[in-house]
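Thanks for coming. I have one structure to go through today, so let me put it on the screen.

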Amino acid sequence: MGTRQAFMGAVLTNPLRVGLRQERVIPPQCLVIFGASGDLTHRKLVPALFELFRQRRLPSEFAVLGCARRPWSDEDFRGKMAEAMAQEVAEHRVAWEQFAAGLFYEPVDLEDPPSVVRLGQRLEAIDRLRATRGNRTFYLSVSPNFYGSGCRSLAAAGLLSDPSRSRVVIEKPFGRDYGSAQELNRVVQTLFVL
Ligand SMILES: NC(=O)c1ccc[n+]([C@@H]2O[C@H](COP(=O)([O-])OP(=O)(O)OC[C@H]3O[C@@H](n4cnc5c(N)ncnc54)[C@H](OP(=O)(O)O)[C@@H]3O)[C@@H](O)[C@H]2O)c1
């Protein structure tokens with residue numbers, strides 16, 4: 001048994017879940033990954049999401065919208081992810097086709113406000129297509145230099161205006177030191193005023 005299979009077995013027999021009648025499934029939503037062409041996305045994020053999909057832990061009203069500056073299409077993004085996960089895809093071909101139908105890509109430069117506004121329009125189209133109900137999680141898998149400015153760009157485009165439906169995930173490292181971490185915390189808090 002490979003390390004990965006052993007790990008999956010451990011997850012499926014988690015003693016803390018024994019006796020629970022229902023698995024926890026997240027609400028309908030679109031997960032927007034900034035840095036979709038980067039290392040973390042193809043090595044960790046999309047493989048983890050595919051695993052959750054195979055375990056039926058994702059709702060059917062779910063989509064992943066990959067974003068980065070390069071001008072990929074939806075098909076390019078699906079193809080790149082499939083290439084990076086060739087073994088899993090070959091072993092679970094039907095599941096992959098179903099999962100990949102919910103993968104999309106939009107070229108967005110976090111430093112270019114019009115492209116972030118276009119992102120909002122694309123998200124509305126995905127809401128209609130996948131019934132994701134305006135719930136969005138923005139995952140910043142980009143250089144830490146963009147964490148503060150990226151949050152500001154999203155807010156300026158009106159994409160964080162409803163805190164009950166918008167979330168931002170910030171990858172580590174959260175700041176370079178205590179001072180810069182406090183500053184980033186301050187930026188994030190001012191953008192999510194309830
Ligand atoms: N890789 C890991 O295993 C790992 C582990 C822990 C934490 N992290 C953290 O996760 C983050 C991502 O790491 P990574 O290794 O995936 O980095 P990476 O391979 O360098 O990817 C960076 C991504 O950011 C995109 N990007 C750059 N400028 C952009 C802009 N202005 N607007 C939108 N997208 C932009 C790039 O695509 P384009 O060039 O097409 O724009 C690329 O997709 C970093 O903060 C890193 O510290 C990574």
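I will take the sheet, then the helices, then the ligand.

Please keep in mind that this is a predicted model.

The sheet is open and has 5 strands, in the order 3-2-1-4-5, with parallel pairing. At its edges are strand 3, residues 103-107, and strand 5, residues 166-170. Each of these has a single partner strand, so one side of each is left without a neighbour in the sheet. From one strand to the next, the twist averages 20 degrees.

Staying with strand 3, its pairing with strand 2, residues 62-68, is in the parallel sense and runs over 5 bridges. To give an example, Cys67 has Glu106 in strand 3 as its bridge partner.

Now the helices. Helix 7, residues 146-156, lies across strand 1 (29-34), strand 4 (136-140) and strand 5. Relative to strand 4, helix 7 runs at about 155 degrees.

How do helix 2 and helix 3 cross? The axes of helix 2, residues 39-54, and helix 3, residues 74-84, come within 10 Å and cross at roughly 90 degrees. That is why helix 2 counts as roughly perpendicular to helix 3. On the helix 2 side, the contact is made by His42, Arg43 and Val46; on the helix 3 side, by Lys80, Met81 and Ala84. By class, this contact has 3 nonpolar, 1 polar and 2 charged residues.

Last, the ligand. It is surrounded by 21 residues, of which the closest are Gly35, Gly38, Leu40, Ala68 and Arg69. The shell around the ligand has 9 nonpolar, 5 polar and 7 charged residues.

That is the end of my part.

Technical notes: Residues numbered from 1 in each chain as written. Predicted model: local features only at pLDDT ≥ 70, side-chain atom pairs only at ≥ 80, totals over all residues. Near = placed C-beta within 6 Å. Nonpolar A, V, L, I, M, F, W, Y, C, P; charged D, E, K, R; others polar. Axes fitted to C-alpha atoms, helices over the stretch in contact; angles between N-to-C directions. Helix = DSSP H or I, 4+ residues; strand = E, 2+ residues; numbered from the N terminus. Parallel < 35°, antiparallel > 145°, perpendicular 65-115°, else oblique. Contact = placed C-beta atoms within 7 Å. Pairing = 2+ DSSP bridges.
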